[in-house]
Amino acid sequence: MAEGTYEPSPWDWVKDQVELIETSGGTAGTTLMDTGWSVIVVTMTGVKTGAVRKVPLMRVEHNGEYAVIGSIGGAPKNPKWVANVRANPNVAIQDGPDKRDYVLRELPEGDEREAWWARSVEAYPPYAEYQEKTERRIPVFIASPVS
């Protein structure tokens, strides 16, 4: 999957949370601050730099696959990592102590997207508010394990 030099996020809270999850072997830092909502760490390759990038995202799991949601709180633009995974959909996901390789595919429209969006809102209700705040269609990617 992502190979190269790791370049931590410029956002301290992202960098610190990824570091806590990784240094603890996935036993600490696995929730969004003090909310109790679970997060995963997605490791990818930066499209512009080729550097390894890591981002904690909300945990939405179903039958061994994960939804990876590009919400950035309902901001008008996609998070930068969306361009990374569109260019190279091969990622690693750490869920607690378990880290595996996955391939992402984007769900632009249709029943499958709606089902995953509903699961995502169930796992993290603020996603519904985020979609209402923005005119863009929030990207939904599905991460399937690499055999």
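Tutor: Let us begin with R137, which has a relative accessible area of 40% and is therefore partly exposed. Please note that this is a predicted model, in which local features need pLDDT of at least 70 and side-chain atom pairs count only at pLDDT 80 or more, while totals for chains, interfaces and linings use all residues. Residues are numbered from 1 along each chain as its sequence is written, and side-chain values use heavy atoms, with hydrogens and water left out.

Student: Why is R137 called partly exposed?

Tutor: Buried means under 20% relative accessible area and exposed means over 50%, with partly exposed in between (1.4 Å probe, protein chains only). The value for R137 is 40%, so this residue counts as partly exposed.

Student: What makes the contact of E109 and R137 a salt bridge?

Tutor: A salt bridge requires a side-chain nitrogen of Lys or Arg within 4 Å of a carboxyl oxygen of Asp or Glu. For E109 and R137 the distance from N to O is 3.3 Å, which means that the pair meets the limit of 4 Å. E109 lies in the loop between β6 and α3, and R137 in the loop between α4 and β7, so the pair ties together parts that are 28 residues apart in sequence. Salt bridges that share partners also join E109, E114 and R137 into one network.

Student: Which class of accessibility does E109 belong to?

Tutor: E109 counts as exposed, because its relative accessibility is 56%.

Student: How many salt bridges does the whole structure hold?

Tutor: The search finds 8. One of them joins the side chains of E106 and R86, at 2.8 Å from N to O. E106 lies in strand β6 and R86 in helix α2, so this pair ties together parts that are 20 residues apart in sequence. Helices (H or I, at least four residues) and strands (E, at least two) are DSSP runs, numbered from the N terminus. Helix α2 covers residues 80-87. E106, at 32%, counts as partly exposed, and R86, at 44%, is likewise partly exposed.

Student: How do you know that R86 is in contact with E106?

Tutor: Contact means heavy atoms within 4.5 Å. Apart from neighbours within four places in sequence, R86 is in contact with N78, E106, P139 and F141.

Student: What separates K15 and D12, and how far apart are their closest N and O atoms?

Tutor: K15 and D12 are 3 residues apart in helix α1, so about one helical turn separates them. Their closest N and O atoms are 3.7 Å apart, and the pair forms a salt bridge. K15 is partly exposed, with a relative accessible area of 28%.

Student: Why is S144 called buried?

Tutor: S144 has a relative accessible area of 16%, so it is classed as buried. This residue lies in strand β7. Its side chain and that of E65 are joined by a polar contact of 2.5 Å. A polar contact is a pair of N or O atoms within 3.5 Å; within protein, one must be able to donate a hydrogen and the other to accept it, and residues adjacent in sequence count only if both atoms are side-chain atoms.

Student: What makes Q94 buried?

Tutor: Q94 has a relative accessibility of 7%, and therefore counts as buried. It lies in strand β5, and its side chain reaches the backbone oxygen of G96 at 3.0 Å.

Student: Which strands stand at the edges of the sheet, and why does each have a side without a neighbour there?

Tutor: The open sheet has 7 strands in the order β2-β1-β5-β6-β7-β4-β3, with antiparallel pairing. β2 (52-58) and β3 (61-62) stand at the edges, each with a single partner strand, so one side of each has no neighbour in the sheet. Two strands pair if DSSP finds at least two bridges between them. Strands β4 (residues 65-69) and β7 (residues 140-145) run antiparallel and are joined by 4 bridges.

Student: Which residues of the largest nonpolar core touch the most other members?

Tutor: They are I69, W116, Y127 and V140, in a core of 18 residues. A nonpolar core is a set of buried Ala, Val, Leu, Ile, Met, Phe, Trp, Tyr and Cys residues joined through side-chain atoms within 4.5 Å. Another core, of 16 residues, lies apart from it and has V55, Y66, W81 and V82 among its members.
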